[in-house]
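Here is a short walk through a protein model. Keep the structure in view as you read.

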Amino acid sequence: MARPTQLLHPPREPAPTRPAATVLLLRDSASGIEVLMTRRSMTASFVPGAYVFPGGGVDALDELSHGQTKRRATQSDLHLTQAIAAIRESFEELGVLLARRADGSAADQSDVDALDRAEPFAAQCQTLGLTLAADEVFVLAHWITDRDMPRRFDVPFLVARMPAGQTPVADETEQFEPVWVRAAEALARHKAGQFFIIFPTIRTLERLQDYATVDAVLQACAATEQPLWSCCPRTGLLAGAEARYMEHEQPYGELALVCPDGHIVHPLDWQTEQPVALLKNVQRLTAPNPGAMTGPGTNSYLVGDPHTGYIVIDPGPADPEHLEKLWRAAGGDIRMIVCTHSHPDHSPGAKPLQALCDTRPPILGLPSAPTARAHSAFTPDRSLQNNELLTLKGRGLAPDLTHTLMVLHTPGHAANHLCLVLLEDGLLFSGDHILNGSTTVIDPPDGEMTAYLDSLDLLSAACTAHRIDFILPAHGYVIGGFAGEAAGAIAHLKAHRLRREAKILQVMQAQPNGTLDDWVAAAYDDVPPRMWPVAKRSLTAHVARIEALQP
């Protein structure tokens, strides 16, 4: 993990979380699933006026009420306590009772009317011989309130079918205006400013749209007895406004690196005017070359600080303004220029950047192979060795400060591709081998699929060996954000490649006389046709690998 001394923002302890539970009460309708929502009091201390699912804090009595419940054999004690809390809150807030009578029949409105919402819930149920139907409550998701919030909750989002024969009635104290609504309708009304809902509710409703029936939702939850997703969101600034993201969304890893304790200060807008500080010793300047193949542009990185000087990673295209901005960000003190590979959006800026410096820093990397295309010709001043260390050492007031990059040879995208590990801070500079938001093109003959997959294995091992938490790609935001995510991203990428290869093999077997154009249309039918000419290059690499693996 990054050294605390290199973090941009002072550490702070997020507010502790409180255990809570909320439940989505669902019913089928002619137009799809409907969910019961209710408006919170305008004087509530947490999200006043928001439409929510019923729920609240977990009480000590909830855990003591296990003996009054019907549970599934696979339901953990924790999930049982949470289900009890959700059942209790549904009754107290909306008068909905998930329970059964002694004869096994479901509780109806007469049972609801026999209970007093202001009196202890479990004791009343016991007196009336009611058993809580916790076995009908399933875990859908797990949300933890954002780190920047003064009040935070650790809360499962549970699901249950709305009991037949009951009518929800709000308590008119905490909750008001119960309403049955389809997920799509709630989201549309929120977008129109008519139905205030908060981030976890929005994302949960978005996921709910994937299911056609209540049974489909309950079956998906019952399959694992684990949350279908878990999230503690992070927030950055986009166009000057706060924007929240889940773990699988592209900006999440960058926010985790720059603002690990939840400071809402980091701008996420892509721009090429000035470097973006990621740590005190890592800056990113994006070149002004956005496009289908480069995303928002090629990321040039500056590693180092005024005490040590700087290493530039991937100076990018030979764009004079971009290179001068790099030079100025380093105060002219560039000690080395490293190119991860020789493609024209990465290495052509090396020599003109070198020429800007009074003390000419060496250009380092690997020379382009004979298989490289003409526009990717590259000859470094010195070839780097696998596992070589490039070290910046402090001077003056910081004699013990070091920044050490370890070189890893990772052919696949290009024969001369390198990745770099900043050892002291657990960062992987992945060049084009790993990207955020897309998969890299493997373009034979310089690109080779088996070498690419083998290099992924090498990087995965490096994540373990060097405690790599974050990946800094040449295109897109930082990847990472929680324990094991860097290695997980690599594993996901490899699995994606192998799934694509399996699909290509099926297409080849189904169309043995097909052309590459035929195969790309079938194997990449989930990719826009405008991208098929690019996908055809990776298809060619997969086909070569498949043919090489045939006995």
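Start with a list of residues: Asp146, Arg147, Asp148, Pro233, Arg234, Thr235, Leu255, Cys259, Gly262 and His263 line the largest cavity. The model is a predicted one. The volume of this largest cavity is about 60 Å³. What classes of residue make up its lining? Four are charged, three are polar and three are nonpolar. Among the lining residues are Asp146, Arg147, Asp148 and Arg234.

How many cavities of 30 Å³ or more does the structure hold? There are two.

Now turn to Ser347. Find this residue in the loop between strand S17 (334-338) and helix H10 (350-356). Is Ser347 buried or exposed? Its relative accessible area is 5%, so Ser347 counts as buried, the cut-off being under 20%.

What does Ser347 touch, leaving aside residues up to four places away in sequence? The contacts are Gly316, Cys339, His341, Ser342 and Phe378. With Ser342 there is a further detail: the side chain of Ser347 reaches the backbone oxygen of Ser342 at 3.2 Å.

Terms used:
Residues are numbered from 1 along each chain as its sequence is written. This is a predicted model: local features need pLDDT of at least 70, side-chain atom pairs count only at pLDDT 80 or more; totals for chains, interfaces and linings use all residues. Side-chain values use heavy atoms; hydrogens and water are left out. Helices (H or I, at least four residues) and strands (E, at least two) are DSSP runs, numbered from the N terminus. Buried means under 20% relative accessible area, exposed over 50%, partly exposed in between (1.4 Å probe, protein chains only). A polar contact is a pair of N or O atoms within 3.5 Å; within protein, one must be able to donate a hydrogen and the other to accept it, and residues adjacent in sequence count only if both atoms are side-chain atoms. Contact means heavy atoms within 4.5 Å. On a 1 Å grid over the protein atoms alone, a cavity is a set of points where a 1.4 Å probe fits but cannot get out, and a pocket is an open set with protein on both sides within 12 Å along at least five of seven lines; lining residues have an atom within 4 Å of a point. Grid points are joined across faces, edges and corners, and a volume is the space filled by probe spheres set on the points. Ala, Val, Leu, Ile, Met, Phe, Trp, Tyr, Cys and Pro count as nonpolar, Asp, Glu, Lys and Arg as charged, and the others, Gly among them, as polar.
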